[in-house]
Amino acid sequence: MVTFCCFVELRRYMLLLQPLMKKLDDYAILDDLKSAERWRNDLALSKIYDLHYNEIARHVFRNGGTTEDSEDVFQEALIILYEKVRQPGFVLDGRLSGFLLGISKNIWLKKLRRLRQQNQIVQSSRAVTIQVAEEPLHYELPESRAQLMKLLSMLNEDCRTILRLYYFERLSMAEIAKRMGYNNAQVAKNKKSRCMQLLRQLACAETKKRSTFPKEDYEK
Amino acid sequence: MKNDIQSFDDYLFQKMTRAEKIAFEERLSRDAELSAEFQAYKELVEAIREDGRRELRQRITAMLAARKKTGGFGRQFWTYFKKAGAIAAFFAFCLSGYFWYSQKPSPQQLFEKYYVPYPIPGITRGVQKNQPGWKLFQQAYLQRDYEKAVALLPEDLSSITGVQPHLLLAAGCALMSRGDYLRALEYFRMPAVANNDFTSEQSLWYQALCLLQLGEIAACRDFLTPLAKNSNADHYMEARYLRKQIRRLL
């Protein structure tokens, strides 16, 4: 009887502590995601997949999506979370699961709206609608951005990585130096400035080239 | 130019103070060239971020693919059915517990579990010098030759006088071993045994076992109760357990 009472009490305390434990879990995941070390980022992504993918997938299935759709939505939600976490002053108000589910719902809703619009356009022109349903989720980049990304691919791998670490992952120069194996933060800073300068020069040259030649000739 | 890039970065990464931010925005609104340069810079940064997103997307895709490879059917099955599995396991556990509990032990099984022939204390051995019949009985009993021991017992109980109560208990046990429980009960109920301080609790215990074997479960429980309630009594623990188990037979 005493054992049973102890067990019941223990269970009651554990139930009380459960939300707190889950919240601590969320903080641990976000810490890993924010970390400058890549293996910790991967670990966090993997944990998020284990804990929250099913919930997102269930939402997508219930709203007429397929497994591929759910994976795409999950991917986009993770990217948004990754960027949000690295923004200065980011604070997670509720639970991570709720946050991710909210993002995923928005992404899926946007996709459904876009599909509906495309379906309407296609139906009005009496075209086959099946082709529309198989369109990828990722939206088209603006032409200028696509051009810039082409320029970015012309840079060497180190330059691209440094720029990505600084502008996308928002790491400090010390962290970049550590990750790239440089002696100190100043080296990383110089390297980043040089890479950015190079990219700007490439962009300037590209703009000049495009303004010199008519568009048709350039594309030929 | 270098300072401009630094201020562009500070503005984009929200590292400026409020005053610095206002000053920078004023500068942008005044200087059209700087504004154009800032727009171009923003475009470049956005392109770099898009590149980062693309790289991250590739990483996630690789992770998902690896998960699919390593996961397989077992993992998916576990993911979707773990709750159902847990509930099923719980019910299986409860069901097996119920079946285990509902399997009542027979009186015969309980008797075999708890019955041990009475060990005659060493101090009584060799005491019955004037009664050679009982001496022989004692020898046969100690040699576990219960058939011979029973054959040596007198037919008439009233003729038994001046015999050690330990030997009378042993006589009852010899009869129990031969399956004569009613006669054994008579020996255990003899005043010399039942009223003796050393043998009264043993007498109760063996009477309870005899009654158990005879199928008188309620009477057996009545005999066990005084033993189970007195922690100093002989056979205290056995009486407690046996009493618990025969409760299910009632």
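A salt bridge here is a side-chain nitrogen of Lys or Arg within 4 Å of a carboxyl oxygen of Asp or Glu. By that rule, 10 salt bridges cross the interface of chain A and chain B. This is a predicted model, with local features needing pLDDT of at least 70 and side-chain atom pairs counting only at pLDDT 80 or more, while totals for chains, interfaces and linings use all residues. Residues are numbered from 1 along each chain as its sequence is written, chains are lettered from A in the order written, and side-chain values use heavy atoms, leaving out hydrogens and water.

**The interface**
- One of the salt bridges pairs Asp42(A) with Arg59(B), at 3.0 Å from N to O.
- On the side of chain A that touches chain B, the elements giving two or more residues are α2, α3, α6, α7 and α9 of chain A (helices are DSSP runs of H or I, at least four residues, numbered from the N terminus).
- Chain A puts 40 residues into the contact and chain B puts in 34, with contact meaning heavy atoms within 4.5 Å.
- About 3800 Å² gets buried between the two chains, 59% of it on carbon and sulfur atoms; that is accessible area (1.4 Å probe) lost on putting the two together, summed over both.

**The cores**
- A nonpolar core is a set of buried Ala, Val, Leu, Ile, Met, Phe, Trp, Tyr and Cys residues joined through side-chain atoms within 4.5 Å, where buried means under 20% relative accessible area (1.4 Å probe, protein chains only).
- The largest one has 49 residues, and Trp134(B), Phe137(B) and Met176(B) are among those touching the most other members.
- Its largest share, nine residues, comes from α7(B).
- A second, separate core of 36 residues includes Ile162(A), Ala177(A), Cys195(A) and Phe8(B).

Key
Buried < 20%, exposed > 50% of the residue type's maximum accessible area, 1.4 Å probe, protein only.
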